[in-house]
Amino acid sequence: MDKYELRAEVIKALSHPARLKIIDILSSCNEKCVCEIMEELGLEQSTVSKHLSILKSVGIIDSRKDGLKVLYHLNAPCMVSFFGCIDNILSRDIERRMYQLERG
């Protein structure tokens, strides 16, 4: 695969709100186990595990075993600045739409 196909794979992994929230959760701590992430998301363990697997497969997160627990951590802290960029785009778009509504 070329770099554009690989980039598309990473972007596809980001294409679900639960996965975006997982990244936010992991960006605010060192590590969390599936059970902690489940509580924050309000989703079943199998669903959370599937989302974690997708994020891990593209290198955004990683994990380590600690006894019986698997602890997940953000492997790409640059995601925080990437989300900041997206938030800026959204803010500008909202401002543009509000301006258009006001002009009627």
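## Close-up views of a predicted model

View 1. Lys32 counts as buried because its relative accessibility is 17%, and buried means under 20%. The model shown here and in the views below is predicted. Lys32 belongs to strand β1, which covers residues 32–33. Its side chain makes a polar contact of 2.8 Å with the side chain of Glu40. Glu40 is also one of the residues that Lys32 touches when residues up to four places away in sequence are not counted. His73 is 41 residues from Lys32 along the chain, yet 6.8 Å separates the two C-alpha atoms.

**View 2. Helix α2 against helix α3.** Helix α3 spans residues 34–41. The axes of α2 and α3 come within 11 Å and cross at roughly 120°. The two helices are therefore oblique to each other. The crossing of α2 with α3 is right-handed. On the α2 side, the contact is made by Ala18, Lys21, Ile22, Ile25 and Leu26. On the α3 side, Ile37, Glu40 and Leu41 take part. By class, the residues of this contact are six nonpolar, no polar and two charged.

**View 3. Helix α2 against helix α4.** Helix α4 runs over residues 45–57. Its axis and that of α2 come within 10 Å, and the two cross at roughly 70°. That angle makes α2 roughly perpendicular to α4, because 65 to 115 degrees counts as roughly perpendicular. From α2, the residues in contact are Ala18, Arg19, Ile22 and Ile23. They meet His51, Leu52, Ile54 and Leu55 of α4. The contact of α2 with α4 has six nonpolar, one polar and one charged residues.

**View 4. His51 in helix α4.** Is His51 buried or exposed? At 7% relative accessibility, His51 is buried. This histidine sits in helix α4. A polar contact of 2.9 Å links the side chains of His51 and Arg19. Arg19 belongs to α2 and is among the residues that meet α4. Leaving aside neighbours within four places in sequence, His51 contacts His16, Ala18, Arg19 and Ile22.

**View 5. Helix α2 against helix α5.** Helix α2 takes in residues 17–27, and helix α5 takes in residues 78–103. They pack at an angle of about 125°, with their axes 10 Å apart. The pair is therefore oblique. The crossing of α2 and α5 is left-handed. Leu20, Ile23, Asp24 and Ser27 line up from α2 as contact residues. Their partners in α5 are Met79, Val80 and Phe83. The residues of this contact divide into five nonpolar, one polar and one charged. Ile23 of α2 also takes part in the contact with α4.

**View 6. Ser49, a second residue of helix α4.** Ser49 is found in α4. Met38 is eleven residues from Ser49 in sequence. From C-alpha to C-alpha, Ser49 and Met38 are 9.0 Å apart in space.

**View 7. Asp2, in the segment before helix α1.** Asp2 is placed in the segment before α1, the helix of residues 3–13. At 41% relative accessibility, Asp2 counts as partly exposed. A polar atom of the Asp2 side chain lies 3.1 Å from the backbone nitrogen of Tyr4. How many residues apart in sequence are Asp2 and Lys32? They are 30 residues apart in sequence. In space, 33 Å lies between the C-alpha atoms of Asp2 and Lys32.

How values were computed:
Residues numbered from 1 in each chain as written. Predicted model: local features only at pLDDT ≥ 70, side-chain atom pairs only at ≥ 80, totals over all residues. Heavy atoms only, no water. Axes fitted to C-alpha atoms, helices over the stretch in contact; angles between N-to-C directions. Helix = DSSP H or I, 4+ residues; strand = E, 2+ residues; numbered from the N terminus. Parallel < 35°, antiparallel > 145°, perpendicular 65-115°, else oblique. Left-handed = near helix turned anticlockwise from the far one by under 90°. Contact = heavy atoms within 4.5 Å. Nonpolar A, V, L, I, M, F, W, Y, C, P; charged D, E, K, R; others polar. Buried < 20%, exposed > 50% of the residue type's maximum accessible area, 1.4 Å probe, protein only. Polar contact = N/O pair within 3.5 Å; in protein donor to acceptor, adjacent residues only side chain to side chain.
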